[in-house]
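Thanks for asking me to look this over. Here are my notes, as a few numbered points to read alongside the structure.

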Amino acid sequence: MTDTFRNQVAELLNNDYTFGGLYATKLSGSVKAVFISPNGALKILECQVQSGEAPSIADLVPSNWDEREAHDLYQISFNGHSPLRPLVEHDPISDHWTVAVKGSDVYQIAVGPIHAGIIESGHFRFHVIGDRILFLDTQLFYKYRGLEIAAENKTLHEGKRYVERMCMGCSVANALAYVQACEEIIGYIPSAKLRILRTVLLELERLWNHLNDIAAICAGVGMSLGNQIFLVLSERIRRLNFSLTGHRYLSGTIDIGEIKPVLTADNIENIRSELESVRLRAKEAWRELIFNSSFAARLEGVGVVDTAQIRRLGAVGPAARAAGLKEDFRAHSTKLDYENFEAVIPENPKGDVRSRLEQRYLEFLQSTEIIFRLIRKTDILTDEETACEPKPLGIGITESARGRTLCIVEASEGRIERLHMRTGSYANWSAVAYAAVGNLLPDFPLINKSFELCYACSDR
Amino acid sequence: MIVLIRRLQNFRKEHRTEGPGNRQSLAIRHCDAGSCNGCEHELNLLSSPYHDIQRFGLSLVSSPRHADILLVSGSVTSGMREPLLAAHSAMPEPKKVIALGNCAIGEGLLGNSELTGLGVSQLLPVDAAIPGCPPTPEKIVSAILSLAKKS
């Protein structure tokens with residue numbers, strides 16, 4: 001059994017599949033791993049848990065966090081994963097979850113869970129000599145709210161409220177992944193009109209997030225002018241969101257099989273004129289930023305994660321693309337409207353803070369173009385829905401502002417048996433820890449901001 | 001850069017919110033006790049050119065030792081209970097607590113009831129509550145200013 005599962009994983013990897021996530025099922029006593037083919041097709045491998053044990057695949061794929069989570073929440077031991085450190089559970093004995101400090105002169109700095117700024121709660125342990133970071137251990141899940149478990153036995157419709165509360169910054173991406181999974185379960189295929197609306201909402205979410213991330217990177221080097229200008233632009237998108245949907249973060253706009261009247265003629269004109277104006281201002285500010293040499297000097301070569309490490313760690317989204325990996329799930333989002341989509345990457349992707357900053361700007365421009373294209377074609381659409389065969393298990397994948405977000409729903413008789421969400425933030429935290437190594441402690445806030453991951457999305 | 005500085009100056013003239021005439025000063029320490037990051041996104045805008053709360057004598061400080069007000073978001077998860085209490089006890093007297101957002105007030109959608117509390121008031125005396133999911137930056141600013149007026 002053990003060998004079969006590991007062999008199956010190895011075979012998929014040989015066929016260029018990438019790891020999408022691993023979770024413990026509720027009722028069937030098994031572990032399931034999701035794999036994604038180069039053209040976006042999904043494959044699920046299942047392995048029965050025997051006497052509380054399952055084989056670890058953490059040496060083959062980036063399933064380190066997934067296995068530790070399944071251990072803490074579903075008491076599954078993963079053979080070969082040693083030491084199997086706690087992830088969700090916070091062991092009061094720090095030796096059980098920390099890595100021992102080694103070497104002379106090396107000491108440890110513990111930060112958090114409450115940080116110095118306005119930021120979510122989480123704990124970091126830096127091993128340092130002076131200002132040089134040798135190792136970083138992250139301990140998150142201080143904000144673990146058990147939302148997946150709370151959603152169990154709820155109807156598919158009720159479940160969406162729990163998914164939306166996982167993270168406000170990614171509320172569209174998460175809700176959409178969930179809703180797509182539910183629509184697979186009920187056998188519903190969205191109309192062309194609904195696809196357009198959902199794509200516009202997902203891109204609006206990316207716009208305010210990316211502008212906010214650029215502002216945050218500016219703040220990370222104390223460049224307050226850039227921070228203020230880009231905060232204003234991000235806020236303008238949030239105000240546009242409010243005028244379109246009644247919610248600044250677009251919460252409540254995605255529902256199973258439902259089209260909200262967002263893209264009216266008046267709204268379309270508002271979107272067009274506001275985005276054109278924001279785009280103009282962003283271009284102007286970007287030119288000023290990149291030609292500022294003291295700003296640039298703080299970014300280049302800092303927090304590098306190269307392509308090989310991105311693959312090893314399973315990092316996704318802008319962080320992966322900034323290292324030159326041209327992977328974006330929007331290219332495979334057949335249930336949305338991304339015709340001829342091609343991922344953008346910087347001309348010279350280095351995987352450093354500078355590249356991650358530029359990646360946000362390039363994607364900001366691309367997202368505005370996607371929205372311009374979509375709002376031009378709204379009047380020629382049908383809202384004809386189609387049906388397909390219902391299934392007991394549905395998977396939805398979206399590309400959030402932080403990367404590929406995967407939602408799995410197992411249901412029976414219209415009620416949730418198991419809900420699992422693996423967001424772009426969850427996938428990327430180990431890349432943050434890797435990026436910090438070798439850098440200076442004063443650069444860590446900057447490196448962290450250049451990923452701008454949500455704690456809420458990971459902790460759930 | 002000169003272009004951007006001019007833009008910012010003009011923008012602030014046109015858009016910034018009106019504040020109170022009287023002068024006071026309050027130091028605010030934020031603590032995320034298990035939020036969805038919505039309250040934090042809104043809080044970050046308090047120092048944007050739209051609001052620029054330092055004009056009103058309000059500052060967001062980095063240590064509870066420097067704070068007059070503890071601004072708490074989230075429903076207080078089991079993991080954040082102790083850190084929240086530690087932050088509160090580190091604050092000098094007199095101190096106030098504000099529950100920020102529906103979760104902190106105890107009216108949000110909660111997760112597993114064994115893990116999430118029923119809001120800040122179960123643990124600490126709450127002097128003011130700012131409802132909303134998330135509350136807008138405008139609401140946050142006006143609630144803090146009106147608490148400042150009362151005290």
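1. A word first on one term: a residue counts as buried when its relative accessible area is under 20%. By that rule, nine of the 10 residues in strand β12 (residues 403–412) of chain A are buried, so this strand is mostly covered. Please keep in mind that this is a predicted model.

2. What lies beside β12(A)? Strand β11 (residues 393–400) of chain A pairs with β12(A) in the antiparallel sense, over eight bridges. The two are joined by a hairpin through two residues. To find the pairing on screen, look for Gly394(A), which stands opposite Val409(A) in β12(A).

3. β12(A) also runs antiparallel to strand β13 (residues 415–422) of chain A, with seven bridges joining them. Here Ser412(A) is opposite Arg415(A) in β13(A). Two residues lie between β12(A) and β13(A) in this hairpin, and Glu413(A) in the turn has a positive phi of about 50°.

4. Now to the chain contacts: 47 residues of chain A touch 47 residues of chain B. Together the chains bury about 4,000 Å², with 64% of that on carbon and sulfur atoms.

5. How many salt bridges cross the interface of chain A and chain B? The rule finds four. In one of them, Glu284(A) meets Arg7(B), with the closest N and O atoms 2.6 Å apart. On the side of chain A that touches chain B, α7(A) gives the largest share, nine residues. By class, that side has 25 nonpolar, nine polar and 13 charged residues.

Conventions:
Residues are numbered from 1 along each chain as its sequence is written. Chains are lettered from A and ligands numbered from 1 in the order in which they are written. This is a predicted model: local features need pLDDT of at least 70, side-chain atom pairs count only at pLDDT 80 or more; totals for chains, interfaces and linings use all residues. Side-chain values use heavy atoms; hydrogens and water are left out. Contact means heavy atoms within 4.5 Å. Buried area is the accessible area (1.4 Å probe) that two parts lose on being put together, summed over both. A salt bridge is a side-chain nitrogen of Lys or Arg within 4 Å of a carboxyl oxygen of Asp or Glu. Helices (H or I, at least four residues) and strands (E, at least two) are DSSP runs, numbered from the N terminus. Ala, Val, Leu, Ile, Met, Phe, Trp, Tyr, Cys and Pro count as nonpolar, Asp, Glu, Lys and Arg as charged, and the others, Gly among them, as polar. Buried means under 20% relative accessible area, exposed over 50%, partly exposed in between (1.4 Å probe, protein chains only). Two strands pair if DSSP finds at least two bridges between them.
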